[in-house]
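Thanks for making time for this today.

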Amino acid sequence: MNDVIYDKLCAMETTPQSMEDTVRFISDRLRVFLHPNEQVLVCYPNSGPYSFGAILERAIRACDCMPVFWGPDYRWKTLLRQAFTMYATTIFGPPLVVLGLMKMAKATNTPLYAHNVLLGGYPYASWMVEGIKKGLDCNIWGCYSVGPGPVVAGFTCNREAGIHLREDLFDVVILDDDGNPLPDPQRGHLVLTYRKDPQLVYDTEESARLLHQPCSCGSDAPRIIETLYVGKDDPTKKILEERFLAWSSILDYRVEKTPCGIALELVVFPGEPLPEIPNCAKLTIRPWDPETDVPFCMDNLKKLAEKDWQNC
């Protein structure tokens, strides 16, 4: 049922007027830190008008800035070279990609110049955000999309913790296990109601806390804080993600369930210490190959960018 509701949300949010509203929402917040004529490195594919990359492109151009896309060569080394040669002071990308970029820069002693980084998509773990912020010595901003599609539901302000809800689009409530509303700031299930059609009530499959109080940035929109994924998917991936990617020695990892058990592949920087590795049915640990290695997450990002959300 949740998938049906999500597809309906995506279909409604890809109408021309809804797309205009989303671009305006994002561009208004980008103007806080973008400077006119600035070049912005965008690490999302732009494979269609409803892709997140296309939405970002329109928002960046609305700020009189120039988006520069990574690709179609999506190797890690190409991203590092592009960030360095264009002297990128602002980078927009998925958290896993930006984290890997930071690690490559350190491993290869390549200076990067990012002052502002926008992380897009789902809420992301605090260890990942803090690692990027410390590693690049930059300001971190976040654009919160509901699920993997084009439904943008909030933005961070970089002044206080949390995501400011996009009030023109959603109402938000925190529920207990029995479906009863909880008062601020108790933790519970994060549920969004679509204002254009209140029958569309979307369970984000995340737990969070909610604050209804003015922020020091000047916004009085409800603020979603301390989000955690609590869905039905196997939690193994998130556990392993922190266990491995919190280490600067590991550039990327991939885990798959096979009939024989878990198959694990680690892409590492040679000569660096590694964490304790769990028992696996199949384990591959190999050095980063600059000539061939592409972020494992890019396949999924490209599939999402190419999806026609209007025909869901």
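**A walk through the model**

Let me start with helix α1, where Asn2, Ile5, Tyr6, Leu9, Cys10 and Glu13 are buried, a word that means under 20% relative accessible area, with exposed meaning over 50% and partly exposed in between (1.4 Å probe, protein chains only). These residues cover an arc of only 140 degrees around the axis, which puts them on the same side of α1; the arc is that of the directions from the helix axis to the C-beta atoms. What covers them includes α2 (16–30), β8 (170–175), β9 (188–194) and β10 (201–211), where contact means heavy atoms within 4.5 Å.

Before I go on, please keep in mind that this is a predicted model, in which local features need pLDDT of at least 70 and side-chain atom pairs count only at pLDDT 80 or more, while totals for chains, interfaces and linings use all residues. Residues are numbered from 1 along each chain as its sequence is written, and side-chain values use heavy atoms, with hydrogens and water left out. Helices (H or I, at least four residues) and strands (E, at least two) are DSSP runs, numbered from the N terminus.

Next, how do α4 and α5 lie relative to each other? Helix α4 (residues 76–85) and helix α5 (residues 95–107) pack at an angle of about 75 degrees, and their axes are 10 Å apart. The two are therefore roughly perpendicular, since angles of 65 to 115 degrees count as such, those under 35 as roughly parallel, those over 145 as roughly antiparallel and the rest as oblique. On the α4 side, Trp76, Lys77, Leu79, Leu80 and Ala83 take part, and they meet Leu96, Val97, Gly100, Leu101, Met104 and Ala105 in α5.

Now to the backbone, where most residues other than glycine have a negative phi, and most peptide bonds are trans. A cis peptide bond joins Gly71 and Pro72, with omega about 5 degrees, and Pro72 lies in the loop between β2 (66–69) and α4. The bond from Asp184 to Pro185 is also cis, with omega near -5 degrees, and Pro185 sits in the loop between β8 and β9.

Finally, Asn158, although not a glycine, has a positive phi of about 70 degrees, and it lies in the loop between β6 (152–155) and β7 (163–165). At 32% relative accessibility, Asn158 counts as partly exposed.

Notes
Axes fitted to C-alpha atoms, helices over the stretch in contact; angles between N-to-C directions.
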